[in-house]
Amino acid sequence: WNTTPATSCSFRTLAWWKTCCVDLCTRRGFATSTLPPVVPIVLYNGRGRWTAPRTVVNVVETMSRSLAPYCPRLRYVLLDEGQYTERQLAPLRNLVA
């Protein structure tokens with residue numbers, strides 16, 4: 001979870017995603033050529049609104065079209081607790097709410 005929006009969150013999320021994929025490939029003996037979907041989720045419970053970029057490409061300086069395909073584009077799901085009231089969440093009755 002995060003208590004402050006940080007520009008580095010997109011990089012940390014990319015690193016976490018890579019670690020999960022490596023874990024699937026090596027420690028668990030994942031033997032096929034494809035991986036299951038790994039969806040990064042950021043839980044934010046700070047006071048202000050989330051303002052950090054949600055992809056690495058939005059943090060890197062503008063680059064030429066020839067370099068753009070090599071910049072990671074992984075996007076994370078943002079669960080911003082401050083966007084919802086207790087009243088909105090109560091009927092959902094799930095772990096996230």
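User: Is Trp50 buried or exposed?
Analyst: This is a predicted model: local features need pLDDT of at least 70, side-chain atom pairs count only at pLDDT 80 or more, and totals for chains, interfaces and linings use all residues. Residues are numbered from 1 along each chain as its sequence is written, and side-chain values use heavy atoms, with hydrogens and water left out. Buried means under 20% relative accessible area, exposed over 50%, partly exposed in between (1.4 Å probe, protein chains only). Trp50 has 11% relative accessibility, so Trp50 counts as buried.

User: What is the mean pLDDT of the chain?
Analyst: pLDDT is the predictor's confidence in each residue, from 0 to 100. A value of 70 or more is reached by 93% of the residues. The mean pLDDT of the chain is 84.

User: Which element of the chain has the highest mean pLDDT?
Analyst: Elements are DSSP runs numbered from the N terminus: helices (H or I, at least four residues) and strands (E, at least two). Helix H2 (residues 86–89) has the lowest mean, 84. The highest, 90, belongs to strand E2.

User: How are the rings of Tyr44 and Trp50 arranged: what is the pair type?
Analyst: Rings of Phe, Tyr and Trp (its six-membered ring) pair if their centres lie within 6.5 Å; planes under 30 degrees apart are stacked, over 60 edge-to-face, the rest tilted. The whole structure holds 2 aromatic pairs. In Tyr44 and Trp50 the centres are 4.9 Å apart and the planes stand at 65°, so the pair is edge-to-face.

User: Which residue forms the edge-to-face pair with Trp50 at 90° between the planes?
Analyst: The centres in this pair are 6.4 Å apart, and the partner of Trp50 is Tyr76. Both residues lie in the loop between E1 and E2, so the pair ties together parts 26 residues apart in sequence. One aromatic cluster holds Tyr44, Trp50 and Tyr76.

User: Which residue forms a salt bridge with Asp80?
Analyst: A salt bridge is a side-chain nitrogen of Lys or Arg within 4 Å of a carboxyl oxygen of Asp or Glu, and the whole structure has 1. Asp80 pairs with Arg49, the closest N and O atoms being 3.0 Å apart. Asp80 sits in strand E2, and its partner, 31 residues apart, in the loop between strand E1 (41–44) and E2.

User: What accessible area do Val39, Ile41 and Val77 have together?
Analyst: Patches join residues with over 30% relative accessible area and no salt bridge: like charges within 9 Å, nonpolar side chains (Val, Leu, Ile, Met, Phe, Trp, Tyr) within 5 Å. Areas come from the Shrake-Rupley method with a 1.4 Å probe; for residues, only the protein chains shown count as cover. Ile41, in strand E1, is exposed at 54%. The nonpolar patch has about 250 Å².
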